[in-house]
Amino acid sequence: MKQFPDEFFWGAATSSYQIEGAVNDGGRGPSIWDAFCRRPDVVFGRHSGDVACDHYYRYRDDVRLFNKIGLQAYRFSIAWSRVMPDGMGRINQEGLDFYSRLVDELLAVGIRPLVTLFHWDLPLALHHRGGWQNRDCASWFGDYAALVAQTLGDRVRDWMTLNEPQVIAESGYESARFAPGERQDRAGLIRTVHGLLLAHGRAVQAIRAHGRNPQRVGWAPVCITKTPATPDSDDVEAARRAMFACDMGTGDWTIWNNAWWMDPVLRGRYPDDGLALLGDDGPPIEATDMDTIGQPIDFVGINIYHAEPVRTAKRGVEVIPRPPGHPQTRMDWMVTPDALYWGPKLLFERYGKPMVITENGVSCHDWVSLDGQVHDPQRIDFVSRYLVELRNAVSEGVPVQGYLYWSALDNFEWERGYGQRFGLIYVDFARQTRILKDSAFWYRKIIESNAAILPQITSGRFAADA
Ligand code: GCO
């Protein structure tokens, strides 16, 4: 019988700008998302995180709900501009006190806090100073990390530096889909990427230096996952190649990849194929940069929602389109359970690091039924299927240490505003009331049984994909 190890932990995740609200309260300074949401044409319904889940004021009640679900762990992020309003220099003690109280509330009910230092809400003042392209930003990020580690490091042991650096760079500085909404040229993008990686390294150093107790430090990139169209070894090799190529099969360097980001952090150098593709546009590496970026971390958090099937082809790798009508989420993402088998498996093969699934979840058409409950059978089926596949990987010895469902609460889904609901907890944003969805009660049984209630089946994939 396949099962998860006894020490496997179960939790959920959120991020500061998506749930806190109180953007002008408690001494918080503006972030790039505050400014971005004021633009007339970028966010669905002109929504913003001004109020969001009002979590800054309702955190105690929310933690009680997390405890009611039985969460063993809770991943949240710190709003940099809430603790350092300008991103550097002056400190806002009221902001630090908020996070300190939140950690105490979690620990009081036995929930393990996992802290993300940066989940996209860059202080606006630092953006005006050049943001991640300015090498000083890495130092400012290190100072911020030191401050937070000094404040929370006696109680927090699990840290992630950056959330989804690929999205920060691609959506914020290339496609302009996200804040700050810039379109940099390739040389500018390479500088932004290098600045983010340097910032990661400086934060790791700061946490090691200032956190008390043994600190587990990692980060939470997207795991852009490719799966083999068939179990044939050629197709598995095609998936492996596609996952770690810097051109993603396009023949040209792309920011949206795994290895360009993970190799410097986990191998201490940029991948050769990416450097070759960039030629003179290569990153502005200075003397100790790669040592800073590549210092040891304890785990890799990975955010996985979906994957693309590939097979080997004459010109290398061919992406296989999903059959018409393949199940999709409300985000129009394909439901691809084996992403949670192949993603961790292929990452572990390349990097040999323990992992945590720091995000996996689904947006569904949730609403309050006439009986006053929120019935979300598709979320239960989605997570069941993905967990069956994750259990397969873990049973083969892939060291995934925990699973954090995205998200604990319905929240502000970036450019899609409140039009998407990922939460285990339904949020009525007008009245700020909460309802545990059916999936929350189901997830509680998953946690209590360490997923023993999952069907003993070998695949979570749909019959049409088998
Ligand atoms: C991400 C972010 C989250 C999103 C979630 C759903 O992975 O994009 O970390 O903030 O809200 O993934 O898109």
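Colleague: How does the lining of the largest pocket divide into nonpolar, polar and charged residues?

Modeller: There are 20 nonpolar, 7 polar and 10 charged residues in that lining. Nonpolar here covers Ala, Val, Leu, Ile, Met, Phe, Trp, Tyr, Cys and Pro, charged covers Asp, Glu, Lys and Arg, and polar is the others, Gly among them. One caution: this is a predicted model, where local features need pLDDT of at least 70 and side-chain atom pairs count only at pLDDT 80 or more, while totals for chains, interfaces and linings use all residues. Residues are numbered from 1 along each chain as its sequence is written, and side-chain values use heavy atoms, leaving out hydrogens and water.

Colleague: Which residues lie nearest the centre of the largest pocket?

Modeller: Val222, Trp256, Tyr305, His306 and Trp333, out of 37 lining residues. A pocket is an open set of points on a 1 Å grid over the protein atoms alone, where a 1.4 Å probe fits, with protein on both sides within 12 Å along at least five of seven lines; lining residues have an atom within 4 Å of a point.

Colleague: And the second largest pocket, which residues lie nearest its centre?

Modeller: Pro228, Ala229, Asp338, Arg461 and Asp465, and 21 residues line that pocket. Elements giving two or more residues to this lining are β6, α14 (339–351) and α15 (377–395). Helices (H or I, at least four residues) and strands (E, at least two) are DSSP runs, numbered from the N terminus.

Colleague: Switching to Glu389: which side chain of opposite charge is nearest?

Modeller: Arg461, 5.6 Å away. Glu389 sits in helix α15 and is buried (under 20% relative accessible area, 1.4 Å probe, protein chains only). Glu389 has no salt bridge, which would take a side-chain nitrogen of Lys or Arg within 4 Å of a carboxyl oxygen of Asp or Glu. For charge, Lys and Arg count as positive and Asp and Glu as negative; His and the chain ends are not counted.

Colleague: Where are the cis peptide bonds?

Modeller: One joins Ala179 and Pro180, with omega about 5 degrees. Another joins Trp406 and Ser407, with omega about 15 degrees. Ser407 is in the loop between β11 (400–406) and β12 (425–428).

Colleague: What about Trp414, where is that found?

Modeller: In the loop between β11 and β12. Trp414 has a positive phi, near 55 degrees. Most residues other than glycine have a negative phi. Trp414 is also buried, at 3% relative accessible area.

Note on methods. Buried means under 20% relative accessible area, exposed over 50%, partly exposed in between (1.4 Å probe, protein chains only).
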